[in-house]
Amino acid sequence: MAGKKHNEILDEQRHAREEFLMLKKMQNGEIDAGPKPGEIALKPETFTEKRENFWYHYKWHTIGLIVTVAVLAILISQCVSRPKYDFNVVYFSYTPIMDNQAELVAEYFEKYGKDLNGDGKVEVGIMNCSFSETANDPQYKNTQLQKLQSYIVGEYKAILYITDDRSIKFFDNISSEGSFFDGEPVLLPQEFYDLTGKTEFGALPEGLKLSRRITKGTVLENNKTAVEVSKEAQRIYNLIKSPPTENAK
């Protein structure tokens, strides 16, 4: 029994020396110590574990992707559903109009207009920049004027303008060389008021005039769309200025 116990003691001492030598070699880099216990990744096995593991590592990436896709879907939907107008008419007077009145103004010009974009129908956009000079809302006034200025600078389909005697003076101040409009403004006929008066708000104010802006010498001059719309605007302007007689129709 004494011999057996002696052998066990020697075995333990030898094992301790081997572990000590192994530890020294690991510390000196002679042997790879392997990953620490906290660094050992448990490989997910079940579907739930894999899902939870993916969500843990890629949660914010996934949320960002979902938000991006949703925003793109909304933008694409808006672009698809937005009417493709053949041309636009800027309405700028100091007597504000409602949206349903603007829709009737669009219908009036659609009677005269042609299908310029080839989609089989005539659609006219009314860019409503009207506001009341006496209204106590300077922010709205500034918003409407900013819209008007942006249309003047960069809206290639906006060649026709509806104004009144007061609002037309605005354009005399923004044109550095001559007139902003080509020719004299044309009074809109009674037919225009008969059509646009079919709302609960009644007819639009009398004395509204139609003008065609000058494109020569502007950024619109060499734009293909602006050139095409300008020709159409001139045709409509001439029709309203000198309507055909019954025999000529």
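Predicted model: local features only at pLDDT ≥ 70, side-chain atom pairs only at ≥ 80, totals over all residues.

Q: In what order do the elements run?
A: From the N terminus on, it goes α-α-β-α-β-α-β-α-β-α-β-α.

Q: What about contacts between residues 24 or more positions apart?
A: They make up 73% of the contacts with a separation of 6 or more in the protein chain.

Q: Let's go inside. Which residues of the largest nonpolar core touch the most other members?
A: Phe109, Ile162, Leu188 and Phe192. That core has 30 residues.

Q: Which elements supply at least two residues of this core?
A: Three strands are on the list: β1 (87-91), β2 (124-128) and β3 (158-163). So are the helices α3 (99-112), α6 (190-196) and α7.

Q: What is phenylalanine 192 in contact with, leaving aside neighbours within four places in sequence?
A: Val105, Tyr108, Phe109, Leu204 and Leu208.

Q: What does the second core include?
A: Tyr94, Cys129, Leu145 and Phe170 are among its members. This core is separate and has 17 residues.

Q: Back to β2. Why is it largely enclosed?
A: Five of its five residues are buried, so the rest of the structure largely encloses β2.

Q: Which residues sit on each side of β2?
A: Val124, Ile126 and Asn128 are on one side. Gly125 and Met127 are on the other. Both faces are covered. In a regular strand, side chains alternate between the two faces of the sheet.

Q: In what sense do β1 and β2 pair?
A: Parallel, over five bridges. In that region, tyrosine 91 stands opposite asparagine 128 in β2.

Q: How does the chain cross from β1 to β2?
A: Through α3. This β-α-β crossover is right-handed.

Q: New topic. Where is proline 243?
A: In the segment after α7 (224-241).

Q: Buried or exposed?
A: Proline 243 counts as exposed, because its relative accessibility is 56% and the cut-off for exposed is over 50%.

Q: How far is its C-alpha from that of proline 189?
A: The C-alpha atoms of proline 243 and proline 189 are 9.6 Å apart. Along the chain, these two prolines are separated by 54 residues.

Methods. Residues numbered from 1 in each chain as written. Heavy atoms only, no water. Helix = DSSP H or I, 4+ residues; strand = E, 2+ residues; numbered from the N terminus. Buried < 20%, exposed > 50% of the residue type's maximum accessible area, 1.4 Å probe, protein only. Core = buried A, V, L, I, M, F, W, Y, C linked by side-chain atoms within 4.5 Å. Contact = heavy atoms within 4.5 Å. Pairing = 2+ DSSP bridges. Right-handed = clockwise from strand over helix to strand, strands pointing away.
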